[in-house]
Amino acid sequence: MQEKSKVMKYRYKGLFALLLGLMLIVCWIQMPEVAYATENAFPENEYDGNSLYNSGSEIEPEEEIDTSISKQAGHISVSVDDYIYGTTVQPQVTSNTGDVSKAVLTFKVTGASDSTYTSQMPTEVGSYTVQAVLPEDTYYATAVATDTFTISYLTSPSPAYELIGTPGENGWYTSDITIVPPQGYEMSVGNRDSFSTEGYVVSEETNMLHIYLKKTSTGGMTDVISIANLRIDTQAPLVSNLDSQNEYYVDSLEVNFFEDNFDSVTVNEESVEVEDYSDGQYGFAIESGMKRMTFTIKVKDDAGNETMVSVIIGPAWLEDGIVGEGEYYLEKGVEYSFPANAQWQKDGDNTVYSGGVSFYSNEEGVVTFTQK
């Protein structure tokens, strides 16, 4: 009985092994179909960058992804020192986030529209704004900075010039004037084109002269310096019709002279009025007295130039020395004569003189003659 049980046990084991082998054979035969079925159970999703495959049958769009990198703020600073017209300065640009050699500088008049920015650095006097722009790079965003500065004229030295010449009266000069710049400066007259340390010669009256100074050591220039009323008169008045070598025997002597800047006339230190004939021509008359006299005429202009002429003027009868009826001033030792065709007598003298007779006075003084 016991042996029978063992036989049955072995039979069951053999049967189980046979079944297991049959199952393995079947599985091997069916493997391609199983692989196919497995492969097609989750169809492959082609990812277009906007959606991902969901566990269901629908494909849901995915939220857009920002792939850009957030850049840090860039930094730049710029400064331009105030400076003097005629000199130059360099803008100072610094940055701790980028290459300042790539910075772009532009300039405008302070307060003007930003559309007026230009790459040309200003050179004229005024107030200006400089703008520096540092472009963005891989790590930093664009940076912008501004600064304001002024260009001013050099303060004029005091004195701003020296006038070399012969001073006359009333602010006039009686010679050419040389304008000389101060030590350490150059001067240009009328414009800024010809700076020099040499003096500038003015030879005639000038109502207004403009000069500019430049400091030799720096090149800084002043604003225009105006010199008003450079008055020059180098010529004395010209008395045109008198000769001090001559004697004039007239009852009234006309004196003419030329002077553009006439001031005054005196005759024997007494002021006289003159008549203006225009164009710098003047005239006046000297009335002769009873006797021969020396008259000193002084004609003066505004600058102090003076012309002096001394002439002898006597009454017209002294031209030929013939006396007449009335009072006459006689000089001692001078020959006189009576008019012809009449008889004459002197006061205090009973002598009757024939016409045409010459005589001499024994003393100087006034004598009265009467016709007989």
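Start with the aromatic rings: there are 18 aromatic pairs, where rings of Phe, Tyr and Trp (its six-membered ring) pair if their centres lie within 6.5 Å. Now select W317, Y328, Y336, F338, W344, Y353, F359 and F369, and you're looking at one aromatic cluster.

A quick note before moving on: this is a predicted model, with local features needing pLDDT of at least 70, side-chain atom pairs counted only at pLDDT 80 or more, and totals for chains, interfaces and linings using all residues. Residues are numbered from 1 along each chain as its sequence is written, and side-chain values use heavy atoms, leaving out hydrogens and water.

Next, pick I76, V78, V130, L134, F149 and I151, which have the most contacts inside the largest nonpolar core, a set of 18 residues. (Such a core is made of buried Ala, Val, Leu, Ile, Met, Phe, Trp, Tyr and Cys residues joined through side-chain atoms within 4.5 Å; buried means under 20% relative accessible area with a 1.4 Å probe, protein chains only.) Strands β7 (126-134) and β8 (143-152) each supply at least two of its residues; strands here are DSSP E runs of at least two residues, numbered from the N terminus.

Apart from that core lies another, of 17 residues, including Y248, V255, V299 and I313.

Last stop: an open sheet of 5 strands, ordered β16-β23-β22-β18-β19 with mixed pairing. Strands pair if DSSP finds at least two bridges between them. β16 (247-249) and β19 (270-271) sit at the edges with a single partner strand each, so one side of each has no neighbour in the sheet. Zoom in on β16: this strand runs parallel to β23 (residues 306-314) over 3 bridges, and E247 stands opposite I312 in β23.

Methods:
Buried means under 20% relative accessible area, exposed over 50%, partly exposed in between (1.4 Å probe, protein chains only). Helices (H or I, at least four residues) and strands (E, at least two) are DSSP runs, numbered from the N terminus. Rings of Phe, Tyr and Trp (its six-membered ring) pair if their centres lie within 6.5 Å; planes under 30 degrees apart count as stacked, over 60 as edge-to-face and the rest as tilted.
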